[in-house]
Amino acid sequence: MTIRTLLLSIGIALLVAARSVHADLVIEITRGNDTATPIAVVPFAWQGTGAIPEDVAQIVAANLERSGLFAPLERQNLLSLPSQQSEVQYRDWRLLNMAFLLVGQIQQPTPNGPYLIQYELFDVIKQERLLGERIQSSPRELRSRAHYISDRVFEKLTGIKGAFSTRIAYVTADRKSATETKYRLQVADADGRRAQVILASDEPILSPAWSPDGRRIAYVSFEGGRPGIYVQQLATGQRERLTQFRGLNGAPAWSPDGRQLAMVLSRDGNPEIYVMDLPSKRLRRLTRHYAIDTEPAWSPDGKQIIFTSNRGGGPQIYQVTLATGDVRRLTFEGNYNARARYTPDGRQLVLVHRNSGIKQFHIAVLDLETERLRVLTETELDESPSIAPNGSMLIYATQQGTQGVLGAVSFDGNVKFRLPSRFGDVREPAWSPFFN
Amino acid sequence: MEKTNIGKSLAFGLSLAMLAGCAGSGGTQEELAAQETAAPATTDSGAEAQGIGGDSSIDSETLAVVEPMEPSATETMEQAGAVIPSVMTVYFDFDKAVVNENERQVLGLHAEYLTLNPAQQVVLEGHADERGTREYNMALGERRAKAVMRYLAVQGVAPSQMEVVSYGEERPAVMGHDEAAWAKNRRVELKY
């Protein structure tokens, strides 16, 4: 390792260490993918004065690694540090068995002015450039730009739209004493960083759900001692209480066009699924059964709603066709199947599943065509699966020792990681839609 | 023991005031009127919606016996329905909302107390253990509370005295990830 690389690594390590103190959710990778594509992400050359607030290349490398599809080369193994095409020696990267190479440079032409970021992506085998772009950024937006670059690289190499610029909502519960818990509804980047509290309460908060345009979040709040469904505008914090009925008010689920909200109410004596038309606030009742019917979710084409019902004895997943009202059962394997969600292509469901054992609640995937069920997680006491809008990864709530943490797993099951919070239990994750 | 009785009077008064407020907001809301609230992004909603300290009339006859509470005297008075029974929680099996045989005696004491004190209100708080999904557990908690309500109603308690609320798995009585903890969390609490 050259002196320059060593100093660079130390400098960047210190920079990153300083940054991670401010993260609320910390990512711990528990399983990597052995078949991931090797890519070298070279630290972007910083051509300005003073410190740069973010290590853009490190963010990109971490994003690519977390997707489960890429294995970024560790920095101490970099043979050289090119920052533009003229400095690239393909031989170096072939020696390291890299398939792809990402380099870049960052300038700040005017002091305290915007940054100019240039990045280039190369195919090492074919020895050709795949992507080259120059973008601008304010200091505040550097992380967002790094996610943008990650999206572009990811999409170029996989054909799948990148989800690195998306966000996650989740609830933290900070138990201060036996009778006092502080609940917070938070929104963070998909990597757990830049978390912001959008609601703080002494009473439980549940079931955050993003509107399809990503501008609003619906949730259940027990403020005042009884549950109600609220919709809050993210930009302004302004919110509206939608329901205040006797009994349950829960499990809000947005229709794909954002004009309706499915929910569970027990106002008519029993937990049933209703659909509220948002402009008029009119309710339509979907289920009529003395069993528990709850946890609705819409199909991507808006024609069906799946829900959890114990009408067959224990909780299972059922589907109701909105045009006809016909209900049919979807799950037959295992004694507990609940809280199902469609994948973006509408062909599979992710759900909470238990086959046997008292703790073995796992996240499973049900193929709607083949009706085959596949267990995805090895953690226990799993709940609340939420899928990234590109279908590549899902996030869920689980236990790690005595602490509630978030877990994430790539859809092929190859990469798994955990996101514990530094402030108590974290649960109820909800992955945002695409913003771009 | 004067202090204890005054304390209990205050407790009844507070409960009545709070429950009167609760019944007002929960029971009459049938319309779907939206409430626009220009709340800031971080809303501190810890404040209870109902006022505390409202004075309501207290049925002082229930506290006619002004004597030291000895254990045997307490039992006798419980059986006479003069005071709130001391056991205020009943427990359930996993994913079940059926009142178990061995819980019936406890509920019988509450039924007796409530029928003898028709002005007394009780909130039946349903809960579930942490396993499974949160909204399903909300419904399960409500099921359990309603099962208790039905049982009490059969014993003669007026439905107007009872209110049902579920906290699902959100308010465990015992923290822990084993059956010992879970068994203590599958419960309905009778809150006066």
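Predicted model: local features only at pLDDT ≥ 70, side-chain atom pairs only at ≥ 80, totals over all residues.

Axes here are lines fitted to C-alpha atoms, for helices over the stretch in contact, with angles running from 0 to 180 degrees between N-to-C directions, while helices (H or I, at least four residues) and strands (E, at least two) are DSSP runs numbered from the N terminus. On the H2(A) side the contact (heavy atoms within 4.5 Å) involves Val56(A), Ile59(A), Val60(A), Asn63(A) and Leu64(A), and residues including Ala146(A), Ile149(A), Val153(A) and Phe154(A) take part from H4(A). By class, the residues of this contact are nine nonpolar, three polar and one charged, where Ala, Val, Leu, Ile, Met, Phe, Trp, Tyr, Cys and Pro count as nonpolar, Asp, Glu, Lys and Arg as charged, and the others, Gly among them, as polar.

In chain B, the axes of helix H3 (residues 104-116) and helix H4 (residues 134-154) come within 9 Å and cross at roughly 60 degrees, and H3(B) and H4(B) are therefore oblique to each other. Arg104(B), Leu107(B), His110(B), Ala111(B) and Leu114(B) of H3(B) meet Val148(B), Tyr151(B) and Leu152(B) of H4(B).

H4 of chain B also supplies at least two residues to the lining of the second largest pocket, as do several strands of chain A, among them E11 (205-210) and E31 (425-431). A pocket is, on a 1 Å grid over the protein atoms alone, an open set of points with protein on both sides within 12 Å along at least five of seven lines, whereas in a cavity a 1.4 Å probe fits but cannot get out; lining residues have an atom within 4 Å of a point. This pocket is lined by 38 residues, and Trp210(A), Trp254(A), Arg341(A), Tyr342(A) and Trp431(A) lie nearest its centre.

Trp431(A) is also among the residues nearest the centre of the largest cavity, which is lined by 14 residues, divided into ten nonpolar, three polar and one charged.

Residues are numbered from 1 along each chain as its sequence is written, and chains are lettered from A in the order in which they are written. Local features need pLDDT of at least 70, side-chain atom pairs count only at pLDDT 80 or more, totals for chains, interfaces and linings use all residues, and side-chain values use heavy atoms, with hydrogens and water left out.

Notes. Parallel < 35°, antiparallel > 145°, perpendicular 65-115°, else oblique.
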